[in-house]
Amino acid sequence: LAPLVTKPPVTVLGLGLMGYALADALLTAGHRVTVWNRTPAKAAPLVARGAHLAGSVREALEAGPLTISCVLDYAAQRALLAPAAGALHGRTLVSLTNGTPAQARETEAWALALGATYLDGGIMAVPHQIATPEAFLFYSGAQDPFDQHRATLAVLGTPHHLGPDVSLASLYDLALLSAMDMMFAGFLHATAVATSHRGTTATDFAPHVVAWLTSMLGMVPVMAADIDSPAPPAYAQSMDLVVAAAQNMADAAREAGIRPDHFDRTVTELKHRIAAGETEYTAASALTHLRLPAR
Ligand code: FVH
């Protein structure tokens, strides 16, 4: 006997690495899954497991009340949805396509004008983490569709609804992706410096990177509290010490034959700040200098 399918139907548009993982997780959880992809052949293993491959985007949207879209970018998403837009009326669209806060606001207005409800989302996971405890996803937009589809969305990873401002999910998503990008850039720079020593391999060095970055992560809440609080900071260093360290990092990179650009720029900026009278380096002061002047 075939198992009884009692969970709500869900449509997934886009079967790249991430879209495929989303559809696969929903199928595994027992949902009736309809899929659509520009290249239909990618759906074959899902269809073999019971997914329905829609012949058009319109058919995919009409298959149920909830559609999750996960394609390359918002331009591709809009281009594929536009010809079938009428089918969004009375349905919920959740975009897990990576985009900017402005694109989220624009897409929400477009969907609302069509009589649809809209949630914008950001996936904080890579495909193999979907439906594991490591995966979490940000959502923003109206509370009602989130509450209505919460159980389905929870299959993919822990859902965090950030509130009715639809731009928040992409803002948090891109902020965290920026942190990840800079962390990996830091790892690569460190590894380039360390492996300039002939006897050192990246594999030898990696555990030290992991240990150091893991221990330094403990500073994040301390620095965050300093940023938010008007009280004297718990963590502060003299500007002279920080500029000397940055100069050493620039010089060590140069000696190792590695581009010192980032640290050269840091030294220049810190020297300007010292010349302007700054004596203490704090998280709050660093943040102030990241902000562009108000337009
Ligand atoms: N992969 C990851 O680790 C990250 C994790 C966080 C979230 N991102 C975002 O998810 C979106 C999709 O990413 P992906 O990993 O699935 O990407 P690809 O494997 O490259 O697949 C791209 C899909 O988009 C379809 N597509 C591309 N252009 C068009 C178009 N003009 N019209 C219709 N569909 C289009 C593509 O179709 P096909 O090539 O298979 O026919 C794939 O389905 C993305 O926003 C990430 O930033 C993933």
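Tutor: Let us start with burial: a residue is called buried if 20 or more other C-beta atoms lie within 10 Å of its own, exposed if 12 or fewer, and partly exposed in between. The model we are looking at is predicted.

Student: Why is Ala224 called exposed?

Tutor: Ala224 has 11 other C-beta atoms within 10 Å. The cut-off for exposed is 12 or fewer, so Ala224 is exposed. You will find Ala224 in helix H9, residues 219-228.

Student: What makes Ala131 partly exposed?

Tutor: Its count is 19 other C-beta atoms within 10 Å. Buried would require 20 or more and exposed 12 or fewer, so Ala131 is partly exposed. The residue sits in the loop between strand S6 (117-124) and strand S7 (136-141). Its backbone deserves a look too: phi of Ala131 is near 65°, a positive value in a residue other than glycine.

Student: And why is Val71 called buried?

Tutor: Around Val71 there are 24 other C-beta atoms within 10 Å. The threshold is 20 or more, so Val71 is buried. Val71 belongs to the loop between S4 and H4.

Student: Which residues does Val71 touch, leaving out those up to four places away in sequence?

Tutor: They are Leu13, Gly14, Ala76, Gln77, Leu80 and Thr97. Val12 lies 59 residues from Val71 in sequence, and their C-alpha atoms are 9.9 Å apart.

Student: How do you know that Ala190 is buried?

Tutor: Ala190 has 20 other C-beta atoms within 10 Å. Buried means 20 or more, so Ala190 is buried. Ala190 is part of helix H7. From C-alpha to C-alpha, Ala190 and Met249 are 9.9 Å apart in space, while 59 residues apart in sequence.

Student: Let us turn to helix H10. What makes its buried residues line one face?

Tutor: The buried residues of H10 are Ala246, Ala250 and Ala253. Looking down the helix axis, you see them fall within an arc of 65°, so they line one face of H10. They pack against helix H7 (168-194) and helix H11 (261-275). The face turned away from that buried side carries the exposed residues Asp240, Leu241, Asn248 and Glu255.

Student: How does the length of H10 compare with what is expected?

Tutor: H10 covers residues 239-255, which is 17 residues, and reaches 24 Å from its first C-alpha to its last, close to the 24 Å expected at 1.5 Å a residue. Just after H10 comes Gly257, with a positive phi of about 80°.

Student: Why do we say the span of helix H8 agrees with expectation?

Tutor: The 16 residues of H8 (202-217) should span 22 Å at 1.5 Å a residue, and its end C-alpha atoms are 22 Å apart, so the two values agree.

Student: What makes H8 hardly covered?

Tutor: The count of buried residues among its 16 residues is zero.

Student: Which residues of helix H1 are buried?

Tutor: Gly19, Tyr20, Ala21, Leu22, Ala23, Asp24, Ala25 and Leu26 are the buried residues of H1. They pack against strand S1 (7-13), strand S2 (31-36), helix H2 (44-48) and strand S4 (66-69). H1 is followed by Gly30, whose phi is positive, near 100°.

Student: Finally, how is the protein divided into domains?

Tutor: Domain 1 covers 7-165 and domain 2 covers 172-290. Their centres, taken over C-alpha atoms, are separated by 38 Å. Six residues of domain 1 are in contact with four residues of domain 2. On the side of domain 1 that touches domain 2, three residues are nonpolar, three polar and none charged.

Terms used. Residues numbered from 1 in each chain as written. Predicted model: local features only at pLDDT ≥ 70, side-chain atom pairs only at ≥ 80, totals over all residues. Helix = DSSP H or I, 4+ residues; strand = E, 2+ residues; numbered from the N terminus. Expected span 1.5 Å × (residues − 1). Arc of directions from axis to C-beta. Contact = placed C-beta atoms within 7 Å. Domains from an automatic or database assignment. Nonpolar A, V, L, I, M, F, W, Y, C, P; charged D, E, K, R; others polar.
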